Amino acid sequence: VQNSLYKPDSIIPLWVNEGAPTFFGFALGYGQKDRNGRLSEQFYLTSPLFNPFGDGTPDPARFARWAKTTSDRDIVRVFELLEQDPENRDALNQYGLGAIAAQALIAVKGIDQYLSFIRATNQMDWKLAFSQNFGLTTADFYKSLVPYVRSLGKKYL
């Protein structure tokens with residue numbers, strides 16, 4: 001469904017392109033738990049290769065630990081890195097952070113507004129589409145996500 005909304009030449013970050021499908025895959029495909037018994041939020045936090053700054057040995061609990069203990073600035077910084085690196089899926093946890101972002105946007109603004117944003121990326125730069133559809137810049141959005149990301153880390157670590 002989402003790919004039918006994009007033009008093939010639309011340039012958007014991977015977290016936007018894959019975040020909503022990851023979120024909906026759990027919400028509609030698995031329901032409360034995946035086939036391994038994990039809640040969707042736990043899946044979002046399981047990224048064994050997560051290592052955005054190359055400063056440690058990745059492990060399955062690294063992302064949850066990072067979400068719980070890192071600085072607010074580093075959470076924002078990783079979201080900024082997601083915009084700049086369309087290929088590094090694992091070290092930046094593009095799918096998990098994208099799902100967290102999509103979940104928050106859909107919860108606050110609704111699915112129709114989210115899909116309107118996706119459609120708008122066909123006519124304009126994705127950041128402009130974001131600000132027009134959600135009423136805030138991506139920088140402000142990333143800052144607003146910090147408490148939620150941190151709460152997930154505290155909840156599952």
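Analyst: What follows sets computed values against their cut-offs. The model is predicted.

User: What makes α7 and α8 roughly antiparallel to each other?

Analyst: The angle between their axes. The axes of α7 (residues 111-120) and α8 (residues 126-134) cross at roughly 150 degrees. Angles over 145 degrees count as roughly antiparallel. α7 and α8 are therefore given that label.

User: What is the handedness of the crossing, and how close do the axes come?

Analyst: The crossing of α7 and α8 is right-handed. Their axes come within 8 Å.

User: Which residues of α7 and α8 meet?

Analyst: From α7, Gln113, Tyr114, Ser116, Phe117 and Ala120 take part. From α8, the partners are Trp126, Ala129, Phe130, Asn133 and Phe134. The residues of this contact divide into 7 nonpolar, 3 polar and no charged.

User: Which residues of α7 are buried, and why are they said to be on the same side of the helix?

Analyst: Tyr114, Phe117, Ile118 and Ala120 are buried in α7. They cover an arc of only 165 degrees around the axis, which puts them on the same side of α7. An α-helix has 3.6 residues a turn, so residues three or four places apart point the same way.

User: Why is Asn93 called buried?

Analyst: Asn93 has 5% relative accessibility. Buried means under 20%. Asn93 therefore counts as buried. Asn93 is found in the loop between α5 (72-84) and α6 (94-109).

User: Why does Arg89 count as partly exposed?

Analyst: Arg89 has a relative accessible area of 33%. The partly exposed class lies between under 20% for buried and over 50% for exposed. Arg89 is therefore partly exposed. Arg89 also lies in the loop between α5 and α6.

User: Which residues does Arg89 touch, not counting residues up to four places away in sequence?

Analyst: Arg89 touches Leu14, Gln94 and Tyr95. Leu14 is 75 residues from Arg89 along the chain, and their C-alpha atoms are separated by 8.0 Å.

User: How do you know that Tyr148 is partly exposed?

Analyst: By its relative accessibility of 25%. Buried would need a value under 20%, exposed one over 50%. Tyr148 therefore counts as partly exposed. The place of Tyr148 is in α9 (residues 138-156).

Methods:
Residues are numbered from 1 along each chain as its sequence is written. This is a predicted model: local features need pLDDT of at least 70, side-chain atom pairs count only at pLDDT 80 or more; totals for chains, interfaces and linings use all residues. Side-chain values use heavy atoms; hydrogens and water are left out. Buried means under 20% relative accessible area, exposed over 50%, partly exposed in between (1.4 Å probe, protein chains only). Helices (H or I, at least four residues) and strands (E, at least two) are DSSP runs, numbered from the N terminus. The arc is that of the directions from the helix axis to the C-beta atoms. Axes are lines fitted to C-alpha atoms, for helices over the stretch in contact, and angles run from 0 to 180 degrees between N-to-C directions. Angles under 35 degrees count as roughly parallel, over 145 as roughly antiparallel, 65 to 115 as roughly perpendicular and the rest as oblique. A crossing is left-handed if the near helix is turned anticlockwise from the far one by less than a right angle, and right-handed if clockwise. Contact means heavy atoms within 4.5 Å. Ala, Val, Leu, Ile, Met, Phe, Trp, Tyr, Cys and Pro count as nonpolar, Asp, Glu, Lys and Arg as charged, and the others, Gly among them, as polar.
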